[in-house]
Amino acid sequence: MDVRPADLREPDPEVVEALADGEAGGQGGELKADEAAAREQRRQRRYLMHALLRSPTFMTGLIIVLFWVFMALFSTSFTQSPTAQDAFASLQAPSVAHWFGTDDLGRDVFARTMAGARTVLIIAPLATALALLWGGIIGLVSGFYRGLTDEIIMRLVDVLLALPIIITSILILSLLGKGLSIIIITIGALFTPVISRTVRSAVIGEREREYVMAARLRGERSVFVMAREILPNIKEPIIVEGTVRLGYAVFTAATLSFLGFGLAPPSPDWGLTISTQRVFLQIAPWSSLFAAAALASLVVGVNLITDGLGRVFSK
């Protein structure tokens with residue numbers, strides 16, 4: 001398989017020499033060329049990792065996201081129960097006993113804010129993964145085959161892109177129910193068209209390159225060419241698009257919960273908390289503002305990761 005090195009640095013001269021030897025040295029040369037290509041791939045991955053670790057933007061976003069992942073997994077082990085009620089401690093201001101205060105039912109806002117990350121960090125990544133899978137397949141097929149196949153698929157994608165995401169999600173959830181799996185599938189399906197367009201554009205830019213033409217001349221099947229030749233060389237735009245959609249998925253999941261199409265009370269879900277506590281905004285703003293700030297910080301963290309990835313990949 002001829003893998004085109006990422007345009008992050010100039011290729012190693014030893015690798016170039018090995019590849020040249022492979023073209024002229026028969027089967028033994030081909031093995032040497034494959035080994036050289038594998039070494040170049042590993043070198044590029046190491047360079048990419050070092051570049052990301054040196055990016056303040058990427059690292060800041062990663063720290064924010066990892067903080068919320070940690071809280072989603074372990075916060076209940078060192079905070080109060082997010083569903084425990086105390087009628088005698090309702091709407092108390094932040095204090096030593098309740099760092100973020102309490103809500104109208106006397107529940108600890110700090111515990112609910114930390115635990116509220118769990119729902120959105122289940123829905124958003126899974127929905128994004130589904131969208132990447134479906135959109136990747138559609139974009140690969142459309143961009144590779146072009147012609148009538150591409151025309152039909154892209155017209156259907158245009159129709160889906162014209163649908164408002166939130167309104168369409170509400171209609172689907174009203175019809176199918178509000179289960180967690182339904183929400184994940186709905187968000188994933190609605191993000192599929194935009195991802196398919198991104199993948200299609202990347203495939204079109206690759207399909208006429210020499211390594212693709214060589215695979216076709218060798219008689220490789222179309223599925224093999226798409227999956228083993230083209231896909232590895234368009235992973236950068238797919239990764240960036242995936243992180244962009246992840247941020248939108250977080251916001252979409254919270255919006256649906258705010259509108260009553262997410263999990264039911266007493267879930268500490270951020271969107272649900274903002275919805276149920278907004279009526280106390282004037283007398284106890286802490287009961288909803290901390291959840292709103294947590295949601296905003298997670299979206300900002302994902303966006304910083306996206307920005308950092310984009311800057312490194314563009315070098």
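The model is predicted: local features need pLDDT of at least 70, side-chain atom pairs count only at pLDDT 80 or more, and totals for chains, interfaces and linings use all residues. Residues are numbered from 1 along each chain as its sequence is written, and side-chain values use heavy atoms, without hydrogens and water.

**View 1. Aromatic pairs of Phe67, Trp68, Phe70 and Phe78**. Eight aromatic pairs are found in the whole structure (ring centres of Phe, Tyr and Trp, the last by its six-membered ring, within 6.5 Å; planes under 30 degrees apart are stacked, over 60 edge-to-face, the rest tilted). Phe67 and Trp68 form an edge-to-face pair, because their planes stand at 75 degrees, with ring centres 5.0 Å apart. Phe67 is partly exposed at 37%, whereas Trp68 is buried at 6%. Phe70 and Phe78 are stacked, 6.3 Å centre to centre with 25 degrees between the planes.

**View 2. A nonpolar surface patch that includes Phe70 and Phe78**. Leu66, Val69, Phe70, Leu73, Phe74 and Phe78 together present about 570 Å² of accessible area (Shrake-Rupley method, 1.4 Å probe; for residues, only the protein chains shown count as cover). Patch residues have over 30% relative accessible area and no salt bridge, with nonpolar side chains joined within 5 Å and like charges within 9 Å; a salt bridge is a side-chain nitrogen of Lys or Arg within 4 Å of a carboxyl oxygen of Asp or Glu. Phe78, partly exposed at 44%, lies in the loop between helix H3 (56–74) and helix H4 (109–115) (helices are DSSP runs of H or I, at least four residues, numbered from the N terminus).

**View 3. The two faces of helix H9 (residues 210–217)**. Tyr211, Val212 and Ala215 are buried. These residues lie on the same side of H9, because they cover an arc of only 100 degrees around the axis (taken from the directions from the helix axis to the C-beta atoms). Glu210 and Leu217 are exposed on the face turned away from the buried side.

**View 4. Backbone geometry at Pro266 and Leu91**. Most residues other than glycine have a negative phi, and most peptide bonds are trans. The bond from Pro265 to Pro266 is cis, with omega near 5 degrees. Leu91 has a positive phi of about 55 degrees and lies in the loop between H3 and H4.

Notes. Buried means under 20% relative accessible area, exposed over 50%, partly exposed in between (1.4 Å probe, protein chains only).
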